[in-house]
Amino acid sequence: PDPGTLASVLTEGVKNTISDSRVKVTYEPEYVPAVPPAMPDIPPEQLAGMIKATVKVEVLDGNIAYLKIQHIIGEEMAQKVGPLLLEYIWDKVLPTSAMILDFRSAVSGELSGIPYIVSYYTDSEPLIHIDSVYDRPSDITTELWSMPTLLGKRYGTSKPLMILTSKNTLGVAEDVAYCLKNLKRATIVGENTAGGTVKIDKIKVGDTDFYVSVPVAKSINPITGKSWEIDGVAPHVEVPAEDALETAVAIIQLR
């Protein structure tokens with residue numbers, strides 16, 4: 001009689017059958033598919049305001065840059081607000097001697113943003129194959145490569161880079177952490193990540209208010225030949241999420 005309870009029971013059944021916690025059954029009578037706003041209709045200043053709301057920038061004692069990122073923006077938005085991003089974020093952190101990227105609350109992002117972030121911490125040449133993403137509906141595999149040119153200067157490959165993670169770190173942020181970890185460019189500090197996916201579709205079940213959320217793409221790392229999905233990204237230094245920042249600072253000071 002209670003559709004919400006039925007959805008929970010079905011979800012548990014699916015988890016026990018296929019061991020994939022990303023597949024969920026939900027009952028949502030008010031569900032309306034989200035339609036992203038058309039990018040050209042939003043003024044750059046407004047976009048910059050949105051980005052500022054999801055990024056915290058600070059320079060800590062010891063000349064350590066701290067960037068807390070909740071959403072990883074995509075290529076289209078990065079190009080449109082590039083100069084504002086440089087002024088608000090990058091110009092402040094570029095002169096620092098080490099950097100901490102805080103992904104503990106990062107739960108959303110755009111796939112096209114992965115090469116942007118990774119490229120700032122790698123060399124311009126040679127280009128690096130960062131990731132391959134197989135999209136099931138289109139049966140197309142897209143290769144993600146580092147970028148030869150970027151807005152502003154690169155942070156480089158020699159200064160320490162720490163990435164903070166939690167059990168809530170999800171999706172595209174997991175991909176960035178996994179790429180930089182396996183390129184041996186970053187030290188991951190915190191908790192094992194959620195083990196999400198790069199893309200989920202919500203499929204309506206017949207003429208009902210039940211929906212099934214299903215992963216429809218898969219990330220395959222060219223270095224490991226494996227994916228971070230389901231199992232998540234394991235940290236180099238495992239500590240409770242609330243202690244990750246203090247631990248990362250201590251590691252940088254020790255180095």
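Predicted model: local features only at pLDDT ≥ 70, side-chain atom pairs only at ≥ 80, totals over all residues.
**Helix α4.** I began with α4 (residues 82-93): its 12 residues should span 16 Å at 1.5 Å a residue, and I find the end C-alpha atoms 15 Å apart, so the two agree. The expected span is 1.5 Å times one less than the number of residues. Helices here are DSSP runs of H or I with at least four residues, strands are E runs of at least two, and numbering goes from the N terminus.

Residues are numbered from 1 along each chain as its sequence is written, and side-chain values use heavy atoms, with hydrogens and water left out.

Which residues of α4 are buried? I get Gly-82, Leu-85, Leu-86, Ile-89, Trp-90 and Val-93. They sit on the same side of α4, because they cover an arc of only 130° around the axis (taken from the directions from the helix axis to the C-beta atoms). An α-helix has 3.6 residues a turn, so residues three or four places apart point the same way. On the face turned away from the buried side I see Pro-83 and Glu-87, both exposed. Cut-offs: buried is under 20% relative accessible area, exposed over 50%, partly exposed in between, with a 1.4 Å probe and protein chains only.

**Ser-219.** I looked up Ser-219 next, in strand β13 (residues 217-220). Ser-219 counts as buried because its relative accessibility is 1%. Its side chain makes polar contacts with the side chains of Asp-175, at 3.2 Å, and Trp-228, at 3.1 Å. For a polar contact I need a pair of N or O atoms within 3.5 Å; within protein, one must be able to donate a hydrogen and the other to accept it, and residues adjacent in sequence count only if both atoms are side-chain atoms. Leaving aside neighbours within four places in sequence, Ser-219 is also in contact (heavy atoms within 4.5 Å) with residues including Asp-131, Val-198 and Lys-226.

Most residues other than glycine have a negative phi, and most peptide bonds are trans. Ser-19 is not a glycine, yet has a positive phi of about 55°. I place Ser-19 in the loop between α1 and β1 (24-27), and at 53% relative accessibility Ser-19 counts as exposed. Asp-139 also has a positive phi, near 60°, and lies in the loop between β7 and β8 (140-145). Glu-125 and Pro-126 are joined by a cis peptide bond, with omega about -10°.
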